[in-house]
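Let's go through a structure together, asking at each step what a term rests on. Have the picture open while you read.

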Amino acid sequence: MQPRRLFLKRTVALGAALLSSSPLAAEAPDLKKKAISIILDTDIGTDVDDAFALALILASPELDLRGVTTVGTDPRTRALIVCRFLAAAGRSDIPVAAGAPPQPAEEIKKQGRYANPGDDRQPRTPQPVKETAVEFLYQQLRARRGEFTLLTLGPLTNIARLLREHPDCKPWIRRIVMMAGSVRVGYKGKAPPEAEWNVRCDIPAAQAVFASGVPLVVAPLDATTMLKLEEPLRRRLFQAATPVTEQVRMLYELWGERTPTLYDPVAVALCFDERFCTMEDMRLEVDAQGRTGIVKGAANARVATAIRDDDFLQWYVDRVVK
Ligand SMILES: [Ca+2]
């Protein structure tokens, strides 16, 4: 095709896409109908950014959270953390399923206390469902084939097990959006890249998911490690004192450090909005040391390789305090 005709064709396609997502489109007012169905897999309880991510999910009408599964040491305690958070947010309708052993070693420190309020004034929290994370994921995917995006904010243990034990579910997954990896920079925000935590905790699982052929959207360190939520924005977030920001504040205080890095909220945003990030399609492969390197071949991932960090942090707080 001639370049100009190709351009025109793309322009028409873009116009159609813009038109269909315009607020003027007939179906637009029904946000619920258009919301993206997601299941969250989280290692909440270790670092604190998963709590910030869960708050963003609940504050985003673009997303319809249909379930939460937990990964990492003591997945039941993590599931109870999620149950309490969701109950306090008025969303105890969302089922929570704990991962089954074996799980990668990840410490839960003081945030574990949040799982057991020990206070009758707290709302009674529901319990996790009886199914394991993998059984729950499989049942959900089978019931609504092709509808679910899986959002993963921890090691890929549960997802790799799901794909291994139930390979028939692969085509039913719309895509996997994950916080994982390190492409060109490491934790300090500069070269060289290094083995990122979620990958390093379960390298074979990450290798299996990256090689699975399921479409991937990746938020690596390149677009996350610089997202320090400093005191002025933290104060604004916590002063809102909504049911959701109060849960984040409690977990933040139990976490006990000063400045959280909002790695996981970037993956939440990438489920529906790429505007803060520079996106590149590339083929990533996980090596034996847990590094996620660019290799030759057809792209297997859409990767955020940079972010407008101040704009993202401001947007995050604006959205969650509402
Ligand atoms: Ca996490």
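Q: Which residue of β2 does Ile38 stand opposite?
A: Leu65 in β2 stands opposite Ile38. A strand here is a DSSP run of E with at least two residues, a helix is a run of H or I with at least four, and both are numbered from the N terminus.

Q: What kind of model is this, and how are its residues numbered?
A: It's a predicted model, where local features need pLDDT of at least 70, side-chain atom pairs count only at pLDDT 80 or more, and totals for chains, interfaces and linings use all residues. Residues are numbered from 1 along each chain as its sequence is written.

Q: What does the pLDDT say about the protein?
A: pLDDT is the predictor's confidence in each residue, from 0 to 100. The protein averages 91, and 87% of the residues score at least 70. Over residues 1-29, though, pLDDT stays under 50.

Q: What makes β1 and β2 a pair?
A: Two strands pair if DSSP finds at least two bridges between them. Strand β1 (residues 36-42) and strand β2 (residues 63-70) are joined by seven bridges, so they count as paired, and they run parallel.

Q: In what order do the strands of the sheet come?
A: The open sheet has nine strands, in the order β3-β2-β1-β4-β5-β6-β9-β7-β8, with mixed pairing. 

Q: Why are β3 and β8 called edge strands?
A: Each of them, β3 (96-98) and β8 (292-295), pairs on one side only.

Q: How do you know that β7 pairs with both β9 and β8?
A: Count the bridges against that cut-off: six join β7 to β9, and four join β7 to β8. Both pairings are antiparallel. Cys277 has Ile307 in β9 as its bridge partner, while Arg283 stands opposite Val295 in β8. In the hairpin of β7 and β8, five residues sit between the strands, and Gly290 takes a positive phi near 90 degrees.

Q: Why is Thr46 called buried?
A: A residue is buried if 20 or more other C-beta atoms lie within 10 Å of its own, exposed if 12 or fewer, and partly exposed in between, with C-beta atoms placed from the backbone. Thr46 has 23 other C-beta atoms within 10 Å, so it's buried. You'll find Thr46 in the loop between β1 and α3 (49-58).

Q: Which residues is Thr46 in contact with, leaving aside its neighbours within four places in sequence?
A: Contact means that the C-beta atoms of two residues, placed from the backbone, lie within 7 Å. For Thr46, the residues are Gly72, Glu106, Glu107 and Ile108.

Q: What makes the buried residues of α8 line one face of the helix?
A: In helix α8 (residues 203-210), the buried residues are Ala205, Ala206, Val209 and Phe210. Seen down the axis of α8, they fall within an arc of 125 degrees, so they line one face. That arc is taken over the directions from the helix axis to the C-beta atoms. Their cover includes α6 (157-165), β5, α7 (197-200), β6 and β7.

Q: Why is α11 called mostly covered?
A: Eight of its eight residues are buried, among them Tyr263, Pro265 and Leu270.
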